[in-house]
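User: I am new to this structure and would like to learn how to read it. Could we go through it feature by feature?

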Amino acid sequence: MLEELAVSDLGVIEHVSLVLGPGMTVLTGETGAGKTMLVDALELLVGGRADPTVVRPGATEALVEGRFVTGDEEIVLRRVIPREGRSRAYVNGRLATVSELSELGRALVDLHGQHAHQSLLAARVQRGALDRFGQVDLSALAEARQRLAHIDEQLAALGGDERERARLVDLLRFQVAEIDTAAIVDPTEDEQLEAEEEVLAGALEHREAAEAALTSLSGDGGAVDGLGAAIRALDGRAPFAPVEQRLRGLAAELADVASDLRATVELIEEDPARLEQVRSRRKLLHDLRRKYGDTLTEVLAFREEASSRLDALMAREATAARLEAERQAAWAAVTRAERAVGRARRRAAPALAEAVQANLRELALAKARLEVQVGDDPGDEVTILLSTNPGSPLLPLSKVASGGELARTMLALRLVLTEAPDTLVFDEVDAGIGGEAATAVGRALAALGDRHQVLVVTHLAQVAAVAARHVVVTKRVQGEQTSTTVREVGGEDRAVELARMLSGSPDSESARQHARELLGSV
């Protein structure tokens, strides 16, 4: 509820401070006194468009402040409109954006009349109003949509699209299979094969070289024969005993070398088939190292990493398949819930339209037609259509031309709906009516005041008389300056103001008597 409103240097208002209470409060006064300017101030306070031209002549900026109380919470909103530059917004003393102010303002105040800030013009609010009126159960739909959104989040978290994952799985499978097919068991195999190829490729030359070496060592006149002759020449000669011993050692070593050389030669054979196998294997290993690592150790490490990635992807594919199945079930649940909500909304729409239209008849809109239109399942597109004159087409509320008619339609809706912001403002809701219709509008506003704080700008005494509080807005001219003052009236002062509204002559005793009768009948 709006507890206090302070306005400075806005239009004709130099400074005004209002302390407000619950129930219905009317603002009355001569045309041009500044009543609507107070409504404009409220609209600015809850995020309305700021125009520097509203700043009072001679002032550098206009200021609007409001203190709201909702439950145990107190909220102070502030809007500053400079003559030059952008407007500023504050929430509880903290700088805020206008959009933040607007979002908060929608929950605090609803304006009805010649203003854009009217929550019931919003499609989502009209849908919510229909749901509350028809007691439409949205829990199953909300749960189904939440479940579907959760599954979609899990699928998105898997990363990549399905085709990309399939391509990567195929590639990793090929890489792992290619390395496994090579059956590498020893990381040094390529070095061993290189040595074997060198032996096989030069087998003939190796044998010829060995034969020549053996001939030089143990053939006729070879090293063995020469060494034996030297030993025999020195045998038994004491001065050469050490040398003889060394020669005998050399002879034994030379015999061993010759034996090893013969054994090695016997192992070297020409084997073209084995040589081809070795060369083919070396090429295979070379190709693997070219693709997967500089060494066979790195190739084997690549294989382990690729295998791990493949396992993870296969698990992810299984998860994706499971989630896709769950998503189909969740989507089917959403569809079923949407159909149920759509049916419920279509059942409730005519009843809501009928209830509102009955109120319109009481509010001097007897010829008005109202319809609540519900779109395809789940019926999220809910539009309230209105035609105020016979022959006029049904149009969305946002396209209704007359501010007074729109305000009365909003009033009729509010009388039917139980939920609304704490503070409702109606600007000239009584435009173009009088007599019994005016009395009906007044009663309707007073009834609404039992549930909400209602602020009404009115020119009709019948409406003003039923209010719990009456505030008079007065324009005062001093020299070149025009200013507005406000004061709450009661007792005889209130009768005087009602007399002015009834006849234009506040001093008329008959008008005052009529005013007293109006107040007495409340």
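Analyst: We can start with surface. Accessible areas come from the Shrake-Rupley method with a 1.4 Å probe. In this predicted model, the accessible surface of the protein is about 27,400 Å², and carbon and sulfur atoms account for 50% of that surface.

User: What share of the 522 residues is buried?

Analyst: A residue counts as buried when its relative accessible area is under 20%. Here, 42% of the 522 residues are buried.

User: How does the radius of gyration of the protein compare with that of a compact globule?

Analyst: The radius of gyration is taken over C-alpha atoms. For a compact globule of 522 residues it would be near 24 Å, whereas this protein has 50 Å. Along the principal axes, the C-alpha atoms fill a box of roughly 170 × 55 × 40 Å.

User: How many helices and strands are there?

Analyst: The protein has 16 helices and 15 strands. Of its contacts with a separation of 6 or more, 65% link residues 24 or more positions apart.

User: At what angle do helices α5 and α11 cross?

Analyst: Angles between helices run from 0 to 180 degrees between N-to-C directions. Helix α5 covers residues 162–182 and helix α11 residues 296–362; their axes cross at roughly 145° and come within 9 Å. The crossing of α5 past α11 is left-handed. Residues making the contact include Leu168, Leu172 and Ile179 of α5, and Phe302, Leu310 and Met314 of α11.

User: Which classes of residue make up the contact of α5 with α11?

Analyst: Twelve are nonpolar, two polar and seven charged.

Notes
Residues are numbered from 1 along each chain as its sequence is written. This is a predicted model: local features need pLDDT of at least 70, side-chain atom pairs count only at pLDDT 80 or more; totals for chains, interfaces and linings use all residues. Side-chain values use heavy atoms; hydrogens and water are left out. Helices (H or I, at least four residues) and strands (E, at least two) are DSSP runs, numbered from the N terminus. A crossing is left-handed if the near helix is turned anticlockwise from the far one by less than a right angle, and right-handed if clockwise. Contact means heavy atoms within 4.5 Å. Ala, Val, Leu, Ile, Met, Phe, Trp, Tyr, Cys and Pro count as nonpolar, Asp, Glu, Lys and Arg as charged, and the others, Gly among them, as polar. The radius of gyration is taken over C-alpha atoms; the globule rule is 2.2 Å times the number of residues to the power 0.38. Buried means under 20% relative accessible area, exposed over 50%, partly exposed in between (1.4 Å probe, protein chains only).
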